[in-house]
Amino acid sequence: MTVDLKRIRKWLFAAIAVSMVFGLTSFLILYYTNAGHELRSNAKKYVDMNIPQNWGIHRKILVGIDRFLSVMPQVQNISFDKYGAPQGAKISKSAISSLMAKANNIIKVEDELSLIVAIKNAKAGDFILIAPGTYRIEQQSVLFNRGGTEEQPIVLAASQLGEVEFKLDSLEGLLITEPYWIVKNISFEGVCLYDGNCEHAIHLYGDADYTIIDNNIFRNFNAPLKSNGNYSTTKASFPDFVTVSNNDFFNDRLRRTDLPTVGIDVVGGNDWKIQNNFIADYARELKGRISEVYMTFLKGAGQNARFEGNVVNCAWQIPHQSSLDIRVGFSFGNGGTGERFCQDGECEYEHLNGQIKRNLFLNCMNDVGIYLNKAGSTQISENVLLNTYGIDARFPETSASINRNVLHGRIKSRDEGFIRQQENSVLSPGEIPEGGLLSVILTQQ
């Protein structure tokens, strides 16, 4: 049998050329496109999860894929000057003179005992003024079991942000169960030896309607602000008409816990306003499996929430540990709610008529910046999403109008979710917008 070397050489060169073209095309797709970034990230998750579970040829193949993915240029965090932006807690937002002018009674407290007694005995129209200092709270929670009125709320405040710090070695800090409280100008820090013991700085429960949480700092809690219903009654009541504005929510390090880790955790409740906050760095230490957390979510069949003017930075000072460290920016719906915990007892919708407007989402690079799960009639407009997969709208119950956003990634309907979109601008990987909508977000008050 005669071997045709010329023909073999010809086919070999052709095969090499095709392989090079395919490899170059794959490289360009993985590096220069948003779809490529998402594909590369999902492939990395797959190999990171499966390498420890395989052996032999399967393990070698996975290790080879991992090495190929590792030599690809990696997406870098976008830095953000939190202190130069208007969002979040600021000394300039500390003013309390107008609140004090409306008070019936000003109660000055200077230590932990007088603080707890003043809260316990508070009446409508009281202003509890906290003297400068550090207050260590070690009981499981401090119960706020008396409420104010629309004309005479009860205020718990320091004269100026930075003067008062609550160090909480307690499961849930302040437990507010009655309406019309204002909490302002306080720095909350979780100091528990075990992270599982520092769940919440503030827990709104049942009838805590019309609560205002303004210009505070929350550090080192699993879920610093928690809200849910009073399920002990025949028809559960939920905190409604709550305002959360101008606060900082962040952690200094990864949480060592399997408990939910999230900046703002709201189950049920109508007409919430979450505005001009800085929310960042909620993540857990990895334990060989995917860890999925949200910076903020509202679920449980609430309605009419407005999430507006916030900066959400999934990796501000705590970088992602690996592809298994998944951080989602904001969600109506989260992972869903059990029926008995829902405001309507059914949870056909996790949220209705919500608005997500003029927010900046940064560095949620292993997943989406905005996730909708059974979120009906949602408006998403004028947001900027950088270093995220983009936006997901999931399940038939979800309907969303998505307009005039600027983003890396894509806008995606999943599992029969319905979206209507117009005038959205998709950026190339690494492209950072200047001026325009980004400037509006970073200068709004």
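Predicted model: local features only at pLDDT ≥ 70, side-chain atom pairs only at ≥ 80, totals over all residues.
Me: What makes Leu437, Leu438 and Ile441 buried residues of helix 6?
Reply: Buried means under 20% relative accessible area. Leu437, Leu438 and Ile441 are the residues of helix 6 (436–443) that count as buried.

Me: Why are they said to line one face of the helix?
Reply: Look down the axis of helix 6. Its buried residues fall within an arc of 100°, so they line one face. In general, an α-helix has 3.6 residues a turn, so residues three or four places apart point the same way.

Me: Which residues on the other side of helix 6 are exposed?
Reply: Gly436 and Thr443. Exposed means over 50% relative accessible area.

Me: What covers the buried residues of helix 6?
Reply: The cover includes strand 26 (360–362), strand 30 (384–386) and strand 33 (406–407). Contact here means heavy atoms within 4.5 Å.

Me: How do you know that strand 25 and strand 29 pair?
Reply: Pairing takes at least two bridges. Strand 25 (355–357) and strand 29 (378–381) are joined by 3 bridges, so they pair, and they run parallel. Ile356 stands opposite Ile380 of strand 29.

Me: What is the order of the 12 strands in the open sheet?
Reply: The order is 1-2-5-8-11-14-17-21-25-29-32-35, with parallel pairing.

Me: What makes strand 1 and strand 35 edge strands?
Reply: Strand 1 (105–109) and strand 35 (418–422) each pair on one side only. Neighbouring strands of this sheet are turned by 10° against each other on average, direction ignored.

Me: Which strands does helix 5 lie across?
Reply: Helix 5 (112–120) lies across strand 1, strand 2 (126–130), strand 5 (154–158) and strand 8 (181–184). Helix 5 runs at about 150° to strand 1.

Conventions: Residues numbered from 1 in each chain as written. Heavy atoms only, no water. Buried < 20%, exposed > 50% of the residue type's maximum accessible area, 1.4 Å probe, protein only. Helix = DSSP H or I, 4+ residues; strand = E, 2+ residues; numbered from the N terminus. Arc of directions from axis to C-beta. Axes fitted to C-alpha atoms, helices over the stretch in contact; angles between N-to-C directions.
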